[in-house]
Amino acid sequence: MTVKYTEDHEWVSVEGDTATVGITSYAAEQLGDVVFVELPEEGRNSNKGDELAVVESVKAASDVYAPVSGIVKEANSELEGAPETVNQDPEGKAWFVKMLITDPTQLDAMMDADAYKAFCADL
Amino acid sequence: MSDHPPLAQTPLHDVHVRLGAKMVGFAGYDMPIQFEGVMAEHKWTREHCGLFDVSHMGPCLLTLPGGPREDEDAHIEIAKLIETLVPGDIQGLEPGQARLTVLLNEDGGILDDLIITRPYEGDQQGRLYIVVNGATKEDDWALMKEKLGDLADLERLDNRILVALQGPEAEAVVTERFTEAAYLGFMESRRMVCKDLTCIVSRCGYTGEDGFEILVPASGVGHIVELLDDERVKPIGLGARDSLRLEAGLCLYGHDLDPQKTPVEASLTWLISKNRREAADFPGAAKILDQIANGAPIRRVGIQPLDRAPAREGTEIYAGDKKIGEITSGGFGPTVEGPVAMGYVDREFAKTGTELTLMVRGKPRAAKVAKLPFVPHNYKR
């Protein structure tokens, strides 16, 4: 299992042909108190960069983009009833979707944990 | 390069930065949007005492040319002048009484909402203490100067500190420093001295809670810092200010109110005093009085989304297939523990309980017209 990160502050955990996607601790901290998460329906076909989900804090709504192209296999419906999980455990329990990856080469350009850490430190 | 001029700073700017606030540009000022977090700050204010820096707003004094006087006639004279711009009964204010009103254009549209106070002190008559919104203050003051000319002198006080202390513990916090503040009821104001600083203390606010707004000389920064040492007091940013006022059903100028909306459309008909309706002598009176008599085409209402999705400003409101309005303020209410909003709808859909559909990111979501406020007011009557 490898975990990769995007400049939009998403994490992608890859196991076989499946990517589990969420937002990073940095992103959750920046958003503040999350009060609502809108998730895609299963089976949706998304291209890399498409709007995948919406996460809302008290202040504002923010888009979560598909970090890779793929088909949504499962959305984390637990977040609908407990959106605060995104603040409590963003890189664990608060995963957003599991996707079937259609173009694994897209993963190559993403950052590993160290590179992402350095990326955040420069912000 | 940005076309915007650099952001101004309030006298408390460095205090916010030192406290670790997240800062944003607002009304031309670099202001704190949050300290520890919107949710926590909102709840703290409803339960204890929140301190808000509102020094970006536009406090000013409007005074008869000869300066303040001691006679009752002086108040009537200055009140008559400002009444040419607003529909409220300013002549009828008692000494130390404050009133919310609106600046109107000739079409009855709202140019700003503001609070006008008659000084309590006997030697300060012929003068009004006025607080306008930060984003509109330059335009408001230009309008007052244009319309009133040499008949009144306008002194801006926006180089001072203006703070709001809001919440159930605000009374204890404030009266320990200003003993006389205990005598103030809601919308009452007096000049008071604390530690050699002459302040204007008014019992009002923008959260729905009991509280005070205090105008302090700019040299009083140290006293505000001391106030923050009080364990009942926490600094609150603009984020919680917005969620608090939305739950309280209070309008935000530039969002819920603008020059295209009349006070009747804005459900602020109560601001138009009875004697002013009879006199019909305020800007846009013909249109506004017609709307009072026959109804306005649209109305501002509270809107309660029926699921968890917040509906933000600009969200379209439908009844069946027909678009009947738009959300003007919307978000999450931490005290309500759910989404809350307000907006304008066509008059036939303004009744409490009317079922509506909100189009949130292309998805229809059920809502209904709700009574305002969402959280009961807790004013000191």
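**Notebook: chains A and B**

I started with one pair: Val3(A) sits opposite Ser13(A), which belongs to strand E2(A). Before going on, I noted that this is a predicted model, where local features need pLDDT of at least 70, side-chain atom pairs count only at pLDDT 80 or more, and totals for chains, interfaces and linings use all residues. Residues are numbered from 1 along each chain as its sequence is written, while chains are lettered from A and ligands numbered from 1 in the order in which they are written.

**Entry: the sheet in chain A**

I looked up what surrounds that pair. E1(A) and E2(A), the latter covering residues 10–15, run antiparallel and are joined by 4 bridges. They belong to an open sheet of 6 strands in chain A, ordered E1-E2-E3-E9-E8-E5, with antiparallel pairing. At its edges I found E1 (2–5) and E5 (45–46), each pairing on one side only. For my own reference, two strands pair if DSSP finds at least two bridges between them. Helices (H or I, at least four residues) and strands (E, at least two) are DSSP runs, numbered from the N terminus.

**Entry: chain A as a whole**

I then counted elements: chain A has 4 helices and 9 strands. Along the sequence I read them as β-β-β-α-β-β-β-β-β-α-α-β-α. The radius of gyration of chain A is 13 Å, close to the 14 Å from the globule rule for 123 residues, so chain A is as compact as a globular protein of that length. That radius is taken over C-alpha atoms, and the rule is 2.2 Å times the number of residues to the power 0.38. The C-alpha trace of chain A spans about 35 × 35 × 20 Å along its principal axes. Of the 123 residues in chain A, 41% are buried; buried means 20 or more other C-beta atoms within 10 Å of the residue's own, with C-beta atoms placed from the backbone.

**Entry: helix H7 in chain B**

9 of its 10 residues are buried, so H7(B) is largely enclosed by the rest of the structure. Among them are Leu238(B), Arg241(B), Asp242(B) and Glu247(B). Just after H7(B), Gly249(B) takes a positive phi of about 75°.

**Entry: where the chains meet**

Last, I looked at the interface: 14 residues of chain B are in contact with 10 residues of chain A, contact meaning C-beta atoms, placed from the backbone, within 7 Å. On the chain B side, H2 (38–47), H7 and E16 (322–333) are the elements giving two or more residues.

Key
Buried ≥ 20, exposed ≤ 12 C-beta atoms within 10 Å, placed from the backbone. Contact = placed C-beta atoms within 7 Å.
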